[in-house]
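This report describes a metal site and its surroundings. The sequence and model are shown first.

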Amino acid sequence: MNIVLIGPPGAGKGTQSKLLSERFSIPQISTGDILRANVREKTPMGLRAKDYMERGILVPDELVVEMVVDRLSQDDCARGFILDGFPRNVKQAEALEETLDKSGKKIDAVIGFEVERRELVRRLSGRRVCRKCGATYHIIFNPPINIDVCDRCGDELYQRDDDKEETIEARLKVYEEETLPVVEYYKKRGLYKGVNGIGSVDEINEAIVKAIG
Ligand code: ADP
Ligand code: ADP
Ligand code: ZN
């Protein structure tokens, strides 16, 4: 099963991808996570991506597309995958279609999260992420048992630099201008299924599983 999750920053893509990945035993491919790991390790890709990410704008397509094509060619994607945060513009969507075509694959469903702006800002500004295992928390909606400590692995939680208010605005604008056209792209192909992103994590998960069918 090949699934794409699309939605504004803070909509819950990462949270839901992890649950779907466990449920269907297929990998979550988060371009944001892969890029942040590269920035942390100061790889050539990370060094090129850092400035864009800090400003909340998209990293150049050629970098991200190559990264995804490479990831999709790995063995663990043979039975399916969940793309989280890719494609983010129409160029990327076309590149994805082309690379899947070449290996006789296709997207089965594109799940779109519908969440209003005020709620996105609330979610992003309270988000905390584990440095080690990547688990995601929210200081009010999904707090860890001990403040700033990961329930799952005990490591330290941190706030992403781009989850500060000024950068949040830039990211929301990029979503509206560059990623919303991708929603249209998949609607035209009959693949898009919108899901209400407001509600408990479990409720939204059920709605997604139903939408996938
Ligand atoms: P969120 O889903 O919370 O908005 P991500 O972790 O997906 O954040 O992305 C963080 C940053 O990484 C983006 O603001 C952008 O700079 C970069 N990024 C992630 N995915 C892509 C992509 N598909 N194309 C270009 N840049 C990307
Ligand atoms: P995205 O990957 O789309 O940027 P995340 O999954 O990281 O979004 O979620 C953003 C923030 O909102 C996190 O702090 C997360 O704990 C919280 N969150 C996720 N789903 C919900 C929900 N259904 N209700 C309230 N908060 C949520
Ligand atoms: Zn952890």
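## Accessibility at the metal site

Cys-150 has a relative accessibility of 3% and therefore counts as buried, whereas Cys-153, at 33%, counts as partly exposed. Buried means under 20% relative accessible area, exposed over 50%, and partly exposed in between (1.4 Å probe, protein chains only).

The model is predicted: local features need pLDDT of at least 70, side-chain atom pairs count only at pLDDT 80 or more, and totals for chains, interfaces and linings use all residues. Residues are numbered from 1 along each chain as its sequence is written, chains are lettered from A and ligands numbered from 1 in the order in which they are written, and side-chain values use heavy atoms, with hydrogens and water left out.

The SG atoms of Cys-130, Cys-133, Cys-150 and Cys-153 coordinate the zinc ion (ligand 3) at 2.3 to 2.4 Å. Donors are N, O and S atoms within 2.8 Å of the metal (3.2 Å for Na, K and Ca); water is not among the atoms, so sites may look incomplete. The donor residues follow the spacing C-x2-C-x16-C-x2-C in sequence.

The arrangement is tetrahedral because the 4 donor atoms subtend angles of 97 to 116 degrees; for four donors, this term requires all angles to lie between 85 and 135 degrees.

## The loop between β6 and β7

Ile-139 is found in the loop between β6 (136-138) and β7 (157-158), and its relative accessible area of 46% makes Ile-139 partly exposed. Strands are DSSP runs (E, at least two residues), numbered from the N terminus.

Asn-146 lies in the loop between β6 and β7 and is partly exposed, at 47%. Its C-alpha atom is separated by 26 Å from that of Ile-198, 52 residues apart along the chain.

Conventions
Tetrahedral: all angles 85-135°; square planar, octahedral: opposite > 155°, others 65-115°. Helix = DSSP H or I, 4+ residues; strand = E, 2+ residues; numbered from the N terminus.
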